[in-house]
Amino acid sequence: AESAANSGHVKLTDAAQREYHQRHASGGELGDMFTALGWVARSNSDALERAKALEQIANADLPQTQSLPLLLGAARILRQAGGEHRELSELLAARASILVTSQSSTVDRLAAADLLYDLEEYGKAAHFYATLVRPGSLSQIHLRLLECQLRLGHRGKARELIASFPNDWATHDRARQLAIELGQQAGDWASLEAVSEVQLQRHPNLPGSWLFALQVSLRSKKMHRFHQLLAEVPDLGDSPVQQSAQLANLEIRYGRAQAGMDRVYAMFRSRMDDVSAAEAYFISLIGASQNLPNMEDSLPCVGPGTAATLVDGNGAAIQLTIDPAGALALPNRGEFQSAASLELAHVLGAKVGENIEVPGGLGSTRAFTVRHIESAYRRLLAVAQELFAKSLRGPQNLVTVSIPQLDGENYDFANVHAMLKGRTEHSQSSLQLYSEHPMTVGMQGKVPGTSPTDLVRPSPVDGPPLVVGSGNPADQDAARV
C-alpha cells in the first residue's frame, strides 16, 4: 500500500484500505495509517485527485486529533501544496512534535523529524534526529542531523558529530559537502585538508574539486602544496563560467599567467554569445594586478595567438583571429580559427603590408593586404566589448563609460565623474533606508544594478553601523531589530 501510495496508484491504495477495514472494524492506528496513505496516493496523482486529498484533509478535523499518522501525513501533503495551506501544515507539524516523545517508536520519531526538516524547523528536527543516531556509524539520519546543526549555527555540535563518524566518512559525498560547509563557516581550513584531497581524488574532472583544494591549501598557508596543485590543474573542458574564471584568476595571480589566459580565452571563445562569459574574460584580463604576456597591440607577422586585419582590393576589411596554440582546441567560428586549421596555410607568417592570396570559390583566388596584426587575447577583449554594447542588460559587474578624446593626449572624464557621483548618492540614500527600516543590505542589493558591496563601500565613518552575521536565521532576525 505504501509503495502504491508513493507512486500515485489511487485505486490500488483504496483497495488495500477497504480490505483492511473489512477485517478490522475498529480501525485503530493502522487504520489511520491507511487513511493517510490514501491522501498520499491522491497527492501523488493528477490535479483532480490532489484536490480531493486536500478536501478530505480539510474535513478530517485534524487540529483536534491525537493520531500521529494523520497529523504527519496531512502536514507533509499540505506543505507540498504550499500557499494558503502552509499555515495549517505548520500547525499540524507543531502538534505532531508535541505528541512525539523520546519514548515514541523509532518510526514516529523519524517521521516527525523528516517532516520538521522539510518545514525548515531545524531545531525541533535535530532534537528527534539526535535520539536516532549512534556513534561510529554514518547514515542519512546522521547527515540530516549534521545539516540541521549547520543551519542552526551549532558548529561545536557539528564538529562533535563528525568526530563520531567512522574513519572512512570523507569518502561519502554528502558528508564531505557538509564538512566543507562547516570548515568554511568556522574558517577551520586545516581540518579540511584531508577532505579536499578525497574530493579531488573522487572527482578530478570537476573544477569545484580543484578550486576547493586550492582554497584549502592557500588558506592553510601550505604554499608548496598550493603551487603544486595549481600546476596540475588540467583542461576541464566545458566547465561553468564562474569556476573557469576563478581557476584562471588564481593561475594569473600566482605565476601561471599564460595558463590562466588560455583557460579563460577558451571559456569565452566557446560561449561567444554569453554576456556572463564575456564579462568573466574581460575582468580576468583587465583586472590582473601585473602586466600580462602576449597582449601586444602591434605584432610583426601572422601566427597562432594573433588577430589580423586584412583589406581586399576594394578597400573592404575582414578580421581573422587565430587561437593561441596553448588554448583548448575549439571549432572554427566566424573570424576565429583554430591554430591547427588547414585554411591558414596561405596566411601564416604574413607580415604587415604584405600582399597575400587565398583560395576562393570555383577555383578563384582572393587577394588581401595585411593592414594590422595584434594579440588574439586583445582582439577577444574587443569582441567582449562589442557583445556588451549589443546586450539589453549588459554586464552585471562592469560599467562601460564613454571617455571622449579632446585633443592629443587629453580626455574628457565628465561621464566618469557623473557616474561616480550618481552611485555615491544612491549608496547614501540606501544606507539611510537601512538605518531607518528593518532590512538587510543584502535585501537592498537585490535592486537591479546594485550590489551590497557597492552599497557599503562609500559608507562614511559616522554613518549607520553595519550589522555583520553568518546569515543564519537568528543573525538575520537580530540584524532587523
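Contact, as used for packed elements in these legends, means heavy atoms within 4.5 Å. The structure shown is a predicted model.

Figure 1. Helix H18 lies across E1, E2, E3 and strand E5 (365–375). The direction of H18 is at about 90° to that of E5. The sheet itself is open and has five strands, in the order E3-E2-E1-E5-E4, with mixed pairing. Its edges are strand E3 (336–337) and strand E4 (355–359), each of which pairs on one side only. For orientation, the protein chain as a whole contains 22 helices and seven strands, and buried residues account for 40% of its 481 residues. Among contacts in the chain between residues at least 6 apart in sequence, 56% join residues at least 24 apart.

**Figure 2. Strands E1 and E2 pair within the sheet.** Strand E1 (residues 306–312) and strand E2 (residues 317–322) are antiparallel and are paired over five bridges. Within this part of the sheet, Thr309 stands opposite Gln319 of E2.

**Figure 3. Strand E4 forms a hairpin with E5.** E4 and E5 run antiparallel and are joined by five bridges. Asn355 stands opposite Thr369 in E5. Five residues lie between the strands of the hairpin, in which Leu362 takes a positive phi near 55°.

**Figure 4. Tyr265 and Tyr377 form an aromatic pair.** A search of the whole structure finds seven aromatic pairs. In one of them, the rings of Tyr265 and Tyr377 are 5.5 Å apart centre to centre, with 75° between the planes, an edge-to-face arrangement. Tyr265 belongs to helix H16 (residues 257–269) and Tyr377 to helix H18 (residues 376–390), so the pair ties together parts that are 112 residues apart in sequence. Tyr265 and Tyr377 are both buried.

**Figure 5. Phe282 and Phe388 form an aromatic pair between helices H17 and H18.** The ring centres of Phe282 and Phe388 are 5.8 Å apart and the ring planes meet at 70°, so this pair is edge-to-face. Because Phe282 lies in helix H17 (residues 275–286) and Phe388 in H18, the pair ties together parts that are 106 residues apart in sequence. Phe282 counts as buried at 15% relative accessibility, and Phe388 counts as buried at 7%.

**Figure 6. Glu279 is a buried residue of helix H17.** Glu279 is found in H17 and is buried, with a relative accessible area of 7%. Not counting residues up to four places away in sequence, Glu279 touches Phe388, Pro395, Gln396, Asn397 and Leu398. Phe388 is also the partner of Phe282 in the edge-to-face pair described above.

**Figure 7. Ala376 is a buried residue of helix H18.** Ala376 is found in H18, and its relative accessible area of 0% places it among the buried residues. When residues up to four places away in sequence are not counted, Ala376 touches Tyr265, Gly305, Thr306, Ala307, Thr321 and Ile322. Ala376 and Met295 are 81 residues apart in sequence, and their C-alpha atoms are 7.9 Å apart in space.

Figure 8. Two packed helices are described by the angle between their axes and the distance between the axes. The axes of helix H5 (residues 68–81) and helix H7 (residues 106–118) come within 10 Å and cross at roughly 20°. This angle makes H5 roughly parallel to H7. The crossing of the two helices is left-handed. On the H5 side, the contact is made by Leu68, Leu72, Ala75, Arg76 and Arg79. On the H7 side, the residues are Asp108, Ala111, Ala112, Asp114, Leu115 and Asp118.

**Figure 9. Ala175 is a buried residue of helix H11.** Ala175 lies in helix H11 (residues 173–186) and counts as buried at 0% relative accessibility. Leaving aside its neighbours within four places in sequence, Ala175 is in contact with Leu138, Leu143 and Trp169. Ala175 and Leu138 are 37 residues apart in sequence and 8.7 Å apart in space, C-alpha to C-alpha.

Terms used: Residues are numbered from 1 along each chain as its sequence is written. This is a predicted model: local features need pLDDT of at least 70, side-chain atom pairs count only at pLDDT 80 or more; totals for chains, interfaces and linings use all residues. Side-chain values use heavy atoms; hydrogens and water are left out. Rings of Phe, Tyr and Trp (its six-membered ring) pair if their centres lie within 6.5 Å; planes under 30 degrees apart count as stacked, over 60 as edge-to-face and the rest as tilted. Helices (H or I, at least four residues) and strands (E, at least two) are DSSP runs, numbered from the N terminus. Buried means under 20% relative accessible area, exposed over 50%, partly exposed in between (1.4 Å probe, protein chains only). Two strands pair if DSSP finds at least two bridges between them. Axes are lines fitted to C-alpha atoms, for helices over the stretch in contact, and angles run from 0 to 180 degrees between N-to-C directions. Angles under 35 degrees count as roughly parallel, over 145 as roughly antiparallel, 65 to 115 as roughly perpendicular and the rest as oblique. A crossing is left-handed if the near helix is turned anticlockwise from the far one by less than a right angle, and right-handed if clockwise.
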